[in-house]
Amino acid sequence: MLPFRLFHNKGKIELPLSLYSCGLHHQHMMHRPIGYPTFQCMICFGGSGTFHFENMPYIKMKRGDILFVPGKLAHDYGPSATEPWLLGYMGIEGSFVESLVNALQLTIMKPISVNESTIQQLESDIKELWHVSETEESDPYHTASTKIYSMITYIATTTHSEKPMQNYRRSTSAKEMLRASVQYMEQHYMEDLSLANIADTVGYSKQHFQRKFKEIYGVNPSHYLQRLRLHKGAAFL
């Protein structure tokens with residue numbers, strides 16, 4: 001059992017993948033109305049529980065399930081009523097994390113199932129990552145960054161589905177997925193948002209996101225965001 005631990009990258013350079021937080025322990029109910037500061041990888045090692053994103057169906061997780069969660073996206077999660085929920089997690093920051101997940105065609109906001117040998121290996125990896133020490137002689141930040149990359153690519157190569165992102169898009173309507181992007185804009189409209197970052201929250205490329213958004217909402221996402229900011233500003237006045 002590894003308690004929650006925060007990490008701070010104090011290396012000489014800003015790494016494209018860096019560890020923000022890590023842990024492995026039984027979970028209780030969590031409400032995150034503004035989401036988590038960074039992208040997260042959640043791994044179920046025992047029991048069962050559920051995640052919930054606004055305007056989307058509840059997501060159930062059991063041993064062997066992995067869930068990637070975009071940063072700053074509101075959600076709740078908690079154990080089932082019948083058994084404890086042992087969850088391991090990594091908070092990952094850096095400019096490369098969303099690009100890596102998309103390039104490996106890993107689904108977001110939908111569980112990925114892996115086999116028993118994989119889940120055992122990931123438990124060992126989480127423990128090794130948690131114990132990366134800032135006092136070791138070698139660069140611990142580089143060690144953690146390399147370990148994160150290794151774990152994410154390992155998950156990608158051992159998933160059951162050959163094309164999980166395409167399967168996710170077939171099983172989840174574009175309208176449901178784009179609701180999450182609208183929610184993200186409503187929560188972070190005061191920040192310097194790029195279309196690429198918004199598209200990453202639903203696993204779309206920038207071009208595909210713009211096309212699908214306009215099909216469903218009648219305006220392109222940049223105009224929607226501009227109108228949202230004007231509306232919020234008028235409301236404050």
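1. Strand E4 (residues 39-53) is mostly covered, with 13 of its 15 residues buried (under 20% relative accessible area, 1.4 Å probe, protein chains only). Strands and helices are DSSP runs, of at least two residues (E) and at least four (H or I) respectively, numbered from the N terminus.

2. This is a predicted model, in which local features need pLDDT of at least 70 and side-chain atom pairs count only at pLDDT 80 or more, while totals for chains, interfaces and linings use all residues. Residues are numbered from 1 along each chain as its sequence is written, and side-chain values use heavy atoms, without hydrogens and water.

3. E4 runs antiparallel to E8, with 8 bridges between them (pairing requires at least two DSSP bridges). Gly46 stands opposite Leu86 in E8.

4. E4 is also antiparallel to E7 (residues 75-79), through 5 bridges; here Gly49 faces Pro79. Another antiparallel partner is E6 (residues 65-69), with 4 bridges, where Gln40 is paired with Val69.

5. E5 (residues 59-62) is joined to E4 by 4 bridges, again antiparallel, and Lys62 is the bridge partner of Ser48. The two strands form a hairpin with 5 residues between them, and Asn55 in the turn has a positive phi of about 65 degrees.

6. Strand E8 (85-93) also gives two or more residues to the lining of the largest pocket, as do helix H1 (97-103) and helix H6 (195-200). H1 supplies the largest share, 4 residues.

Definitions and conventions. Buried < 20%, exposed > 50% of the residue type's maximum accessible area, 1.4 Å probe, protein only.
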